[in-house]
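Hi everyone, thanks for coming.

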Amino acid sequence: MSVPAQVTVAVVTGCSSGIGESLALAFAARGITVVATARRVESLAHLTKKHDNIIAMPLELGDLSNLEQFRDAVAEKTGGRVDILVNNAGTHYASTAMDLEIAEAEKLFAVNVFAVMRLCQLFLPLLRKSLRGRIVQIGSVTRDVPVAWQCVYNASKAALSQYTKTLRLVSVSSSLNVMAYRGLIVLLLGGAAVGDRGDRGRHRLCP
Ligand SMILES: NC(=O)c1ccc[n+]([C@@H]2O[C@H](COP(=O)([O-])OP(=O)(O)OC[C@H]3O[C@@H](n4cnc5c(N)ncnc54)[C@H](OP(=O)(O)O)[C@@H]3O)[C@@H](O)[C@H]2O)c1
């Protein structure tokens, strides 16, 4: 299968609920072909029922060894084209800083940080072929605001933010656009959001 050259292709992780679900629906309604993921593909049925330009694919982000296979499966479905990668999926772990379990912190970092790094690495060659390539990271205000009982989550979003700023440096000389958004703001504005670039201006998540 391949998607016509003029159609934008977006990969959005974590679409079974919340921000990912809203983004997938908003993108599809604008004619964008969306590869939507969740751990259980059945949890995406309500999206594929609504739009035939949403392709549901299972993805467990906690297992980094899955991700290359996922990229290959996406490339096969889209004819090797991806214009937008939205790293939206995220997980939580509630604990005080004193009581946290390192094994749980590692699991959270695998999903919120390391899987994002790996997906960026794997999809960069496809995104660089696009004239409108974008990586969109769904961050959180907790990267700056230390919310109690969420120290691991807060730390993961701070790490994601700094990783994204650094990734942006390597994209300056190419047509690739790298951006990060605070999650709640995306949820409220649905597709248009306040980004974290110096200008703090409004950016659209899709062309
Ligand atoms: N909602 C907010 O107010 C808010 C505020 C700040 C930041 N954020 C950020 O925004 C993003 C989305 O948040 P949300 O509130 O919309 O979340 P949500 O409704 O809980 O949805 C999370 C999504 O991530 C997926 N996911 C979770 N763990 C996964 C794993 N191990 N492997 C693959 N997929 C996994 C879930 O899919 P499954 O069906 O597989 O569970 C689900 O589709 C997150 O990065 C979050 O940190 C949200």
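Let's start with Asn-177, which is partly exposed because it has 16 other C-beta atoms within 10 Å. By the cut-offs used here, 20 or more other C-beta atoms within 10 Å makes a residue buried, 12 or fewer makes it exposed, and in between is partly exposed, with C-beta atoms placed from the backbone. Please keep in mind that this is a predicted model, where local features need pLDDT of at least 70 and side-chain atom pairs count only at pLDDT 80 or more, while totals for chains, interfaces and linings use all residues. Residues are numbered from 1 along each chain as its sequence is written.

Asn-177 is found in strand β6. Helices (H or I, at least four residues) and strands (E, at least two) are DSSP runs, numbered from the N terminus. What does Asn-177 touch, leaving out residues up to four places away in sequence? The list is Gly-133, Arg-134 and Ser-171. Contact here means that the C-beta atoms of two residues, placed from the backbone, lie within 7 Å. Leu-127 is 50 residues from Asn-177 along the chain, and their C-alpha atoms are separated by 9.6 Å.

Now to helix α5, residues 151-171. At 1.5 Å a residue, its 21 residues should span 30 Å, and the end C-alpha atoms are 30 Å apart, which agrees. That expected span is 1.5 Å times one less than the number of residues. The buried residues of α5 include Val-152, Tyr-153, Ser-156 and Leu-160. The buried residues of α5 pack against α4 (102-129), β5 (134-139) and β6 (177-182).

How do α4 and α5 sit together? Their axes come within 9 Å and cross at roughly 15 degrees. Axes are lines fitted to C-alpha atoms, for helices over the stretch in contact, with angles from 0 to 180 degrees between N-to-C directions. The two helices, α4 and α5, are therefore roughly parallel to each other, a label for angles under 35 degrees.

Finally, the whole protein chain: it has six helices and eight strands. Buried residues make up 39% of its 207 residues. Of its contacts with a separation of 6 or more, 61% are between residues 24 or more positions apart.

Notes
Angles under 35 degrees count as roughly parallel, over 145 as roughly antiparallel, 65 to 115 as roughly perpendicular and the rest as oblique.
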